[in-house]
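Subject: Structure handover

Hello,

Here is the structure you asked to look at. My notes follow below it.

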Amino acid sequence: MTQPLFTTSEWNFDLIRDCDRAIGELAREFRLDTYPNQIEVISSEQMMDAYAAVGMPIGYHHWSYGKQFLSTEHSYKRGQMGLAYEIVINSNPCIAYLMEENTMAMQALVIAHACYGHNSFFKGNYLFKTWTDADSIIDYLVFAKNYISKCEERYGIDQVEEIIDSCHALMNYGVDRYKRPYPISAQEEEQRQAEREEYLQRQVNDLWRTIPKSEHAEGDAKTAQRFPSEPQENILYFLEKNSPLLESWQREIIRIVRKIAQYFYPQRQTQVMNEGWACFWHYTLLNELYARGLVTDGFMLEFLQSHTSVIAQLPYDHPYFSGINPYTLGFAMMMDIRRICENPTAEDRDWFPDIAGKDWNETLQFAMRNFKDESFILQFLSPKVMRDLKLFSIIDDDNEDNIEVAAIHNEGGFRKLREMLAGQYNLGNREPNIQVYSVNIRGDRSLTLHHTMHDRKPLADSVHEVLRHLHRLWGFDVHLYSVDNGEIKAEYHCPPKPE
Amino acid sequence: MSYIIDRRLNTKNKSAVNRQRFLRRYRAQIHKAVSDAVGERSIKDMDRGGKISIPTKDIGEPVIYHGSGGRSTRVLPGNKHFSEGDLIPRPEGGGGEGGSKASNTGEGEDDFSFTISQEEFLNFMFEGLELPNLVKRQLTGVEEFKQVRAGIANEGTPGKINIVRSLRSANMRRIALTGKKRKRLAELEATLEALSPGERTGPGYDALLDEIAKLRKAIAATPWLDTFDLKYNLHIKQPIPRSKAVMFCIMDVSGSMDQATKDIAKRFFILLYLFLQRNYEKTEVVFIRHHTIAKEVDEDEFFHSRETGGTVVSSSLRLMHEIITDRYSPSEWNIYGAQASDGDNWDDDSGNCKELMLNNVLPNCQHYSYIEITPRSHQSLWHTYEEVQATCPDRFAMQHIVTAADIYPVFRELFHKRVA
């Protein structure tokens with residue numbers, strides 16, 4: 001008879017070590033490939049700090065993080081919200097924070113969830129592999145923090161804050177969606193920074209050369225190529241390289257914000273998968289521990305209690321409903337894939353002939369490695385999950401008087417429903433598609449952007465505010481046109497056009 | 001494989017800088033929230049930190065997102081009775097985007113709430129205020145000193161020995177005491193050296209050797225370190241010049257002051273008291289309350305006990321003058337006065353007040369402020385004081401308060417930092 005790992009609810013470092021070792025061995029049996037773990041025990045105050053830093057272990061100073069901190073602190077101290085049990089950082093080694101207030105059972109849950117679930121996802125998923133560099137992120141953040149502090153010393157806090165404010169407003173437009181960034185280390189970054197400064201300035205100067213080259217060059221102006229020759233989706237990158245008036249340190253700050261946006265870009269696209277994967281593995285690993293007699297009944301009750309509250313899904317008409325819970329959807333889908341592999345029904349064989357009856361672990365790992373939320377749902381959402389969650393979809397068209405129920409969880413609706421849900425997780429649909437269209441190089445240097453409308457959706461009012469930030473970074477007039485099928489539906493200008 | 005690290009002892013105020021940045025950036029809004037709070041809070045809570053709310057729209061971080069409109073689709077869980085093709089009337093104003101988000105927690109969603117400490121609260125409350133004309137600085141010689149270095153002394157405690165200087169002086173002493181002997185020794189040694197082997201016998205030679213040995217012994221016997229070589233670092237205390245200030249708080253507690261008026265007056269003095277306590281640690285405060293007779297009371301009695309009677313304002317000014325003569329010599333002290341009243345006074349007393357004010361009080365004061373708390377029209381005291389103000393505009397200030405909300409602005413008006 002094996003002895004349980006622990007029987008108390010009080011944790012200590014020896015117990016955590018034993019527990020981590022046991023779970024780690026199991027994870028290896030299940031062929032989970034992880035970065036080494038760095039488990040850090042922190043207090044609730046430190047957890048609030050970690051919250052405020054939006055998941056970066058080292059962040060540059062900015063008031064918006066202070067705002068985040070104040071609001072977390074305020075609600076936590078008044079008992080309006082609890083803190084998360086853990087935060088995990090995509091780095092190598094993978095840093096996971098455990099709160100000291102947790103019971104031993106919770107620590108075990110967190111270790112299984114974060115240190116083996118999320119960790120293996122970070123290491124395996126193609127988006128993270130392509131877009132983030134776990135080895136160098138900490139170094140880079142240190143570089144960024146130091147660089148920005150130095151700028152603050154040299155140019156004053158207000159100046160730096162202005163630039164960062166503007167960059168944050170455009171952060172979602174600071175990512176490359178298709179190009180893979182070159183991995184960087186902090187040392188390299190510092191070395192290259194000086195060279196880049198000089199080089200960039202030269203390029204910018206070249207672009208904005210005002211002296212005409214020759215007589216006939218003037219005549220060519222109209223036929224001259226549009227600049228940029230193709231629309232640019234990475235607005236921050238475009239500004240960093242081409243904005244006429246910025247100083248080199250300002251360009252560097254844009255670059256830093258852009259790099260950080262890029263680092264978080266995969267997380268925004270894999271929320272359902274990432275959480276589903278982590279929940280699936282903490283559930284599987286801890287149940288396996290129980291099956292082997294390494295944990296007690298009491299542990300399982302405590303674990304299941306918090307597990308079920310994490311994956312609870314409120315119905316759409318509940319007063320606290322706030323959208324589909326990514327934990328629920330992800331966990332349900334991962335469990336369902338395993339079920340399809342192990343005990344396929346006729347329906348499953350019909351819908352998933354490729355995976356029905358296959359090795360479940362291999363199938364899941366394949367799904368984890370090669371998909372993001374949108375494609376994962378499109379590929380693996382089964383009729384059973386849709387039925388269990390009682391999904392239905394609505395179409396709200398402002399040309400119609402009523403909202404229409406487009407599909408429900410029945411035979412005719414499954415495919416439509418799945419497609420619509422996948423669309424809901426497509427960042428391209430969720431965020432307005434805005435690209436740099438052209439720059440008036442020879443004239444007033446104004447910058448023109450196009451918003452390609454999706455389903456006739458207009459931009460929210462905050463766009464005026466954001467344009468002001470864009471104007472600050474560009475330095476000359478900025479125009480934004482909402483275009484639908486080649487037709488301009490709305491236009492925004494900064495500074496505003498006189499009526 | 002896994003590293004487990006205990007980080008609990010690391011500093012926890014990682015966000016302190018960011019928090020400061022936020023407070024700094026929204027100084028104006030927080031300032032306004034604090035001012036509002038001062039008007040609303042009960043007297044007891046006046047100096048607490050606590051919840052501050054500022055409008056969310058002021059502190060937004062704008063990003064571009066889709067507004068409502070166009071054609072939007074949404075997948076929702078928990079279907080109970082809908083079938084495909086059902087039409088649902090659009091909810092009012094919600095636009096199908098999850099309905100309205102009314103808050104039932106008591107805080108509007110338009111407000112961003114957070115907590116600041118008492119320290120920060122008071123900082124915001126008294127930012128940019130100071131006592132006017134704080135000029136007389138006295139060498140009190142008793143209250144506070146700073147230690148300054150004052151060279152080297154021959155006496156002191158072992159802890160203050162200056163090793164370098166001590167060894168240097170020992171060296172000097174040794175050189176001085178043995179100088180003659182060394183010179184003689186050198187001569188003798190030279191003589192000895194010059195002697196040919198044939199001459200190295202006889203009593204002369206022995207005497208020479210003898211003297212050399214004696215000299216060597218004497219030189220060696222000179223102490224390496226003697227007690228009077230020891231040198232000590234000397235520190236002396238220097239008095240720090242500081243301004244001594246005293247504030248006289250004079251409040252009318254007569255029958256004409258109703259509870260609400262007294263409350264306003266007390267609020268004003270609490271503010272004043274907090275301000276002085278906070279910014280001028282060494283400032284003394286004298287509390288005087290009066291009806292027909294004036295009485296010096298302690299802080300507790302001033303703010304909390306009740307009394308009624310008629311009103312003779314001059315009694316308090318007289319008492320103030322007495323106290324000044326007794327305890328606070330105007331040559332040493334910066335003297336301030338603050339008086340609150342509803343403006344009621346015996347008719348023939350206002351003349352006394354003016355006289356006392358101009359002859360006895362104001363010449364000794366750096367500044368004197370008067371607030372009148374009344375919704376009614378001004379009476380003789382106000383007009384009398386107006387004359388006083390016309391005579392001494394730089395030392396005398398008067399303000400009129402109607403409701404509790406006026407207190408803080410008036411207070412700021414009275415004590416705002418004057419740019420020289």
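Pro93(A) sits in the loop between strand 2 (86–89) and strand 3 (94–99) of chain A. The peptide bond that joins Asn92(A) to Pro93(A) is cis, with omega about 0°. Please keep in mind that this is a predicted model.

A cis bond also joins Cys494(A) and Pro495(A). Its omega is about -5°. Pro495(A) belongs to the segment after strand 9 (487–494) of chain A.

Backbone angles in chain A

Two residues deserve a look for their phi values. Arg31(A) is not a glycine, yet its phi is positive, at about 60°. You will find Arg31(A) in the loop between helix 1 (13–29) and strand 1 (37–42) of chain A. Is Arg31(A) buried or exposed? Arg31(A) has 10 other C-beta atoms within 10 Å. The cut-off for exposed is 12 or fewer, so Arg31(A) counts as exposed.

Asn485(A) also has a positive phi, near 50°, and is a residue other than glycine. Its place is the loop between strand 8 (478–484) and strand 9 of chain A. Asn485(A) has 8 other C-beta atoms within 10 Å and is exposed.

Chain A as a whole

Chain A holds 21 helices and nine strands. Its radius of gyration is 26 Å. The globule rule gives 23 Å for 499 residues, and the chain A value is close to that, so chain A is as compact as a globular protein of that length. The C-alpha trace of chain A spans about 95 × 55 × 45 Å along its principal axes. Of its 499 residues, 43% count as buried. Take the contacts in chain A with a separation of 6 or more: residues 24 or more positions apart account for 72% of them.

Chain B as a whole

Chain B has 11 helices and 14 strands. Why is chain B described as more spread out than a compact globule? Its radius of gyration is 40 Å, whereas the globule rule gives 22 Å for 420 residues. The value is well over the rule, so chain B is more spread out than a compact globule. Along its principal axes, the C-alpha trace of chain B spans about 140 × 90 × 35 Å. Of the 420 residues in chain B, 27% count as buried. Among chain B contacts between residues at least 6 apart in sequence, 82% join residues at least 24 apart.

Where the chains touch

The contact draws 52 residues from chain B and 78 residues from chain A. On the chain B side, these elements give two or more residues:

- strand 1 (2–6) and helix 1 (16–25) of chain B
- strand 3 (71–76), strand 4 (87–89) and strand 5 (111–116) of chain B

Which element of chain B gives the most to this side? Helix 1 of chain B does, with seven residues. By class, the chain B side that touches chain A divides into 20 nonpolar, 18 polar and 14 charged residues.

Helix pairs in chain B

Start with helix 2 (residues 27–40) and helix 3 (residues 118–125) of chain B. Their axes come within 9 Å and cross at roughly 95°. That makes helix 2 of chain B roughly perpendicular to helix 3 of chain B. Helix 2 of chain B makes the contact through Ile30(B), His31(B), Val34(B) and Val38(B). Helix 3 of chain B brings Phe121(B), Phe124(B) and Met125(B). By class, this contact of helix 2 with helix 3 of chain B has six nonpolar residues, one polar and no charged ones.

Now helix 8 (residues 313–327) and helix 9 (residues 349–361) of chain B. Their axes come within 8 Å and cross at roughly 20°. Helix 8 and helix 9 of chain B are therefore roughly parallel to each other. Helix 8 of chain B passes helix 9 of chain B in a left-handed crossing. From helix 8 of chain B, the contact uses Val313(B), Ser314(B), Leu317(B), Arg318(B), Met320(B) and His321(B). They meet Asp349(B), Asn352(B), Cys353(B), Leu356(B), Met357(B), Asn360(B) and Val361(B) in helix 9 of chain B. By class, this contact of helix 8 with helix 9 of chain B has seven nonpolar, four polar and two charged residues.

Best wishes

Notes: Residues numbered from 1 in each chain as written. Chains lettered and ligands numbered in written order. Predicted model: local features only at pLDDT ≥ 70, side-chain atom pairs only at ≥ 80, totals over all residues. Axes fitted to C-alpha atoms, helices over the stretch in contact; angles between N-to-C directions. Helix = DSSP H or I, 4+ residues; strand = E, 2+ residues; numbered from the N terminus. Parallel < 35°, antiparallel > 145°, perpendicular 65-115°, else oblique. Left-handed = near helix turned anticlockwise from the far one by under 90°. Contact = placed C-beta atoms within 7 Å. Nonpolar A, V, L, I, M, F, W, Y, C, P; charged D, E, K, R; others polar. Rg over C-alpha atoms; globule rule 2.2 N^0.38 Å. Buried ≥ 20, exposed ≤ 12 C-beta atoms within 10 Å, placed from the backbone.
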